[in-house]
Amino acid sequence: MTVFIIRRLLQSIAVVLVMSFIVFVGVNIVGDPVEMMVSDEADQAEREKVIKSMGLDKPWYIQYARFIGGALQGDLGKSFVYGEPALQIIAHRIPATFELALAALVMAVVVGIPLGVYAGLRPDTVGSKTIMAGSILGFSLPTFWVGLMFIMVFAVILGWLPSTGRGDTVELLGIDVSFLTMDGLAHLFLPAFNLALFKISMVIRLTRAGTREVVHQDYIKFARAKGLSNRRVVLVHLMKNIMIPVVTVLGLEFGGLIAFSVVTETVFAWPGMGKLIIDSIQSLDRPVIVAYLMIIVLIFVIINLVVDIFYSLLDPRVRLSEIKS
Amino acid sequence: MTDDTPTLQVENLETHFFTKDGVAKAVDGVSFSVGRGEIMGLVGESGSGKSVTGFSILGLVDPPGKVVGGKVLFQGTDLLSLDDEGLRRLRGNRIAMIFQDPMMTLNPVLRVDTQMIETVRAHDPSVSVDEARARSRDALGQVGIPSPDERLRAYPHQFSGGMRQRVAIAIALLNKPDLIIADEPTTALDVTIQGQILYEAQKLCRDTGTALIWITHDLAVIAGLADKISVMYAGRIVEQGALDEVLDHPAHPYTRGLLGSVPGHNTRGKRLYQIPGMTPSLLKLPKGCAFKDRCPHADQACEDAPEITRPVEGRALRCVHPQVDLAGVAS
C-alpha cells in the first residue's frame, strides 16, 4: 500500500511539472500584456521600464526558470492588474468556489445514487422512466439557462430563495463559509443545485447502469439465497460493487466542478474563482491566469491521487495487482 | 410433522417466463419428493428447466419468470404461500443453495468472513460477531480448507476455483440446513476435487439427515451419489425412480439416449451414441410429446402429449412407448 502511494505521488509530481511547462509556454505566446498595461501616450523608455519590471525582456526559458523557482517557494508572481501576489488573489476566492462545488457534489451523491439504484432495480416502473427522462433534461439543458429559470421561479416569482451572493458567512477554521448559517444556506442552495444538475444526471445514469449489471450477477442471487434482507443485499453487496465507477467519475468531476463553475458563479454573482479567471483572461493578467491554471492542475492531480487510493480501498483486486506490478 | 413426512415435496410445480415472444414454460408440472438424508439427482440437458426448478423452490426466480402453479411443501409448509420475509427466514437457514460457478458466487469486494458472518447473523441476530466467526471457521475446517483462521480474512480472488466452491459449500452448511439444493456445483471443478466434494456431500447427508437435491447434466456424477433420480426434458419430468432401477432399466427413450452417450468400459473403440437434434426452444415446443422429433420410436401415438404413468411402485414415466417392460422386470 505504501509503495503504491509513493509511486502515485511521484507520477503526480511529474504530471504537475509537465503541465506547468505547457501552461507557461501556452500563456506566454498569446497576446501582449504590455499593450494592456501601458497607456497609449507612454514613450519607448517607459515601455522598456514596464517590460523590464515584469521580467519580459528575458528569453522565455529564463522566465520559465524564474517562474519554477518562485513557484517552489510558493510565489506564482504578482498580478499585472492588482499588483498583489497572484496566489493571494486566488486564495481569497477559493473558499467560495470550493464550498459551491462541494455542495453540488454532495447533492449529486445524495440525490443521484438513490435515484440511480431505484431506476436500476425497477427499470420498468413509471417512476424510473420518469427519472431517466429527467436525467436527459439534466444533461441537455444549458446551465446558464437553468440558472436563470431558477432565479426567475424561486427568487422572483415565488420569492422563496435569494438569487445573488453568499449571504451571511461565518468563520470556520479561518475560512468564511456560508453553509453554517440559515441565510448562507438559502443563498447556497440555488447555485449549488444549478451546478449539481448535470452531475446528478450523470450519477443517476452511472449508478443505474452499474446496478443493472451487478443485480444479475450470481453473487447477488447467492446473497439472497443466504437469506440476507433486501436492505443488506442492496446497501452492501450491490452498492459496494457499483461504487467503483461512481467514485472515479465523481472524483474527476469534482475538479471539473471547481474549474468550470464559471457559468454558475456568473449567473448567481457568486464571488468565487470562476469570475476572477474570466476577468484575468480579458485583461491578459498572465500571472493570475498561470497561477489559476496551476492550482486547477494541482487540484486535479490531488483528486486523482485520492480517487486511486479510494479505489484500492473499495476493490481489493486493484490493491493486489498494483503491489504485484 | 411425522418422521415419514418428506423434507421436501414438490407437486405440479409450474414456472413460466413471460417473454415478448410468448410464454416459455420452463417448469411445467414437475413433482418429486426428497426425504431426510436422501439424495435426489435432477438430471437433464441445458435448458431442460432443472436450475429453474431449484430457484423456484427458494422463490428466487427473476422476472420475467414467475411460479404460476403447484405446491412446494417444505416440512409440511407450502413455500409458495409464504411472504418475502417468511421465505427469507428459510433461505440460507433451513434451505441452502450452492451455485454452479464458484468464480461468480462470492462477492468479489467483501472478505470471506464478512460473507459468512452475515449469513449466520441474518437468521439469528443474537449470535455475537465473534461467535459467528468461530462458527464460520469451523465450517471452513469442515469442508477441508487449511488454516481457516487465516483464510477467513482473505478475499475471494485469493482462492482457487475449488477452494471458492468449498467456501460456498461452507456457507451453505453454516446454519445446518435441512435441505441443500446444489446446482451443478462440481461442473466447473476438476475431477479430483469433484470426487472429494461428492464424497463429503454424501457423508454429510448420511450423518446429519440433510436432504440434498443435486442438479446436474452429468449422469456419471449422479451414479455414484444419489438415491433416486428425476430426468427432466423441456420443463417436464420424463422418468423418475430409484437410482439403480432407472440406470439399470431405463424406460424412456431420452434416458436411454443419455445413458448411451456416457462412455463406459465396454464402449471402447465404438462411437458413443448421440441423441439426434437439439433441445427444442421452450417457445416452440412440438405438439404432443416434446421429445418426439428426436426420438427413434416416435409414431402417431406421440402426437398427443403423454401423461405421467406409474407402471410400478416408485417409478414414474412419461412415454407411450416404454423401452422396458417395467412390470416384468419388477416381478
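Predicted model: local features only at pLDDT ≥ 70, side-chain atom pairs only at ≥ 80, totals over all residues.
Local features need pLDDT of at least 70, side-chain atom pairs count only at pLDDT 80 or more, and totals for chains, interfaces and linings use all residues. Residues are numbered from 1 along each chain as its sequence is written, chains are lettered from A in the order in which they are written, and side-chain values use heavy atoms, with hydrogens and water left out.

User: How far apart do the C-alpha centres of domain 1 and domain 2 of chain B lie?
Analyst: Domain 1 of chain B covers 8-94 + 175-330, and domain 2 covers 110-173. These bounds come from an automatic or database domain assignment. Their C-alpha centres are separated by 30 Å.

User: What area is buried between domain 1 and domain 2 of chain B?
Analyst: Buried area is the accessible area (1.4 Å probe) that two parts lose on being put together, summed over both. Carbon and sulfur atoms give 51% of it here. The area is about 1,100 Å².

User: Which helix gives the largest share of the side of domain 1 of chain B that touches domain 2 of chain B?
Analyst: Contact means heavy atoms within 4.5 Å. By that rule, 16 residues of domain 1 of chain B meet 14 residues of domain 2 of chain B. Helices are DSSP runs (H or I, at least four residues), numbered from the N terminus. Five residues on the domain 1 side come from helix 8 of chain B.

User: How many salt bridges does the rule find across the interface of chain A and chain B?
Analyst: A salt bridge needs a side-chain nitrogen of Lys or Arg within 4 Å of a carboxyl oxygen of Asp or Glu. Lys226(A) and Glu118(B) form one, at 2.9 Å, N to O. Across the interface of chain A and chain B, the count is four.

User: Is Glu118(B) buried or exposed?
Analyst: Glu118(B) sits in helix 4 (residues 112-123) of chain B. It touches Lys226(A), Leu228(A), Arg232(A) and His237(A), not counting residues up to four places away in sequence. Buried means under 20% relative accessible area, exposed over 50%, partly exposed in between (1.4 Å probe, protein chains only). At 6%, Glu118(B) is buried.

User: Which helix of chain A gives the most to the side of chain A that touches chain B?
Analyst: In all, 22 residues of chain A are in contact with 28 residues of chain B. Helix 9 (218-225), helix 10 (230-259) and helix 14 (316-324) of chain A each supply at least two residues of the chain A side. With six residues, the top contributor is helix 9 of chain A.
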